Amino acid sequence: MAAAKSSIKTATSFFLVLYSTMILFFALPCFSSDPDPLQDFCVADLSSTTTIVNGYPCKPVSKVTSEDFFYSGLKDDASTLNSLRLGRSLADVKTFPGLNTLGLSLVRIDLGFGGIVPLHVHPRASEATFVIKGEVLIGFISTDNVLYSKVVKEGEMAIIPRGLVHFTKNVGLSAVLLSAFNSHLPGTALIPDNLFGSKPTIPNDILAKNFRVNESVIASIKSEFGDDH
């Protein structure tokens, strides 16, 4: 009985925080990242070949159905069987076309033991992350090179300002997070992949001078970002 009450309390807290997050991020114009829509909705036509500018072209209203506004892609665990012990399930305009022009998206993050979300930035959105399960270390670095970080526990949340480098590390057995963004396509630039796995690659001498190491060190790191890794 006590376990059931605890489960209900946790679920209630989750939805209260999620609802508050939605109000903060998406209902107030001052927090909007994407341009304001000029129609009730604009379900994305992902097959269109028209040039994309701040959103996909709209599917004709006559072809829009109820299914365009409902999505179940976040309900299942994402596999963490990889080197980062990281699984992600996306609900952005590319996976959920009904989000087109609405200025919001979500991602579910599953972390196995020792799992991390690598250093990265979202160039088009701020982020609100709610911890559904477990404990994680979340941190971001300001443009003054100050690290702000804290271990965030189940039922707690964190805010990451738009465009700042940040990371997440699981400090427990496993963790499940839900992150909300004030953009239908926030973008994710993974710093390690950008620096060492770009195509064509950044010249070794440039990276060596930036990191103040020998070029052989850069070459060794780049070898870990090949197609087979």
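# Close-up views of a predicted model

Figure 1. Among the contacts in the protein chain with a separation of 6 or more, 69% are between residues 24 or more positions apart. The model shown is predicted. Four helices and ten strands make up the secondary structure counted in the protein chain. Read along the sequence, these elements follow the pattern α-β-β-β-β-β-β-β-β-β-β-α-α-α. The protein chain has 229 residues, and 35% of them count as buried. Its accessible surface comes to about 13700 Å², and carbon and sulfur atoms account for 59% of that surface.

Figure 2. An unreviewed UniProt entry lists H120, H122, E127 and H166 under "binding site". These residues are spread over 47 residues of sequence, yet the largest C-alpha distance among them is 12.1 Å.

**Figure 3. H120 is a buried residue of strand β3.** Strand β3 spans residues 116-121 and contains H120. Is H120 buried or exposed? H120 counts as buried because its relative accessibility is 5%, and the cut-off for a buried residue is under 20%.

**Figure 4. H122 lies in a loop and touches two other listed residues.** The loop that holds H122 runs between β3 and β4, the latter formed by residues 127-133. H122 has a relative accessible area of 5% and is therefore buried. Which residues does H122 touch, not counting residues up to four places away in sequence? They are E127, R162, G163, H166, F181, P186, G187 and T188. The side chains of H122 and H120 are joined by the polar contact of 3.3 Å seen in the previous view.

**Figure 5. One disulfide joins C42 and C58.** The structure holds one disulfide. A disulfide is a covalent bond between the sulfur atoms of two cysteines. In this case the sulfur atoms of C42 and C58 are 1.9 Å apart. The angle about the S-S bond is -105 degrees, and the link of C42 and C58 is left-handed. Both C42 and C58 are in the loop between α1 and β1, 16 residues apart. C58 has a relative accessibility of 41% and so counts as partly exposed.

Figure 6. Most residues other than glycine have a negative phi, and most peptide bonds are trans. The peptide bond from K199 to P200 is cis, with omega near -5 degrees. P200 is in the loop between α2 (191-196) and α3 (204-211). R85 has a positive phi, near 55 degrees, although it is not a glycine. The place of R85 is in the loop between α1 (2-27) and β1 (86-91), and R85 counts as partly exposed because its relative accessibility is 30%. T101 also has a positive phi without being a glycine, with a value near 70 degrees. T101 lies in the loop between β1 and β2 (105-111). With a relative accessible area of 14%, T101 is therefore buried.

**Figure 7. G112 is a buried loop residue.** G112 is found in the loop between β2 and β3. Its relative accessible area is 7%, so G112 is buried. Not counting residues up to four places away in sequence, G112 touches T80, R85, N170 and L173. One of these, R85, is the residue with a phi near 55 degrees. G112 and V176 are 64 residues apart in sequence, while their C-alpha atoms are 9.1 Å apart in space.

Notes:
Residues numbered from 1 in each chain as written. Predicted model: local features only at pLDDT ≥ 70, side-chain atom pairs only at ≥ 80, totals over all residues. Heavy atoms only, no water. UniProt positions renumbered as here; feature names shortened; annotations may be inferred. Buried < 20%, exposed > 50% of the residue type's maximum accessible area, 1.4 Å probe, protein only. Contact = heavy atoms within 4.5 Å. Polar contact = N/O pair within 3.5 Å; in protein donor to acceptor, adjacent residues only side chain to side chain. Areas by Shrake-Rupley, 256 points an atom, 1.4 Å probe, with all protein chains shown as cover. Disulfide = S-S within 2.5 Å.
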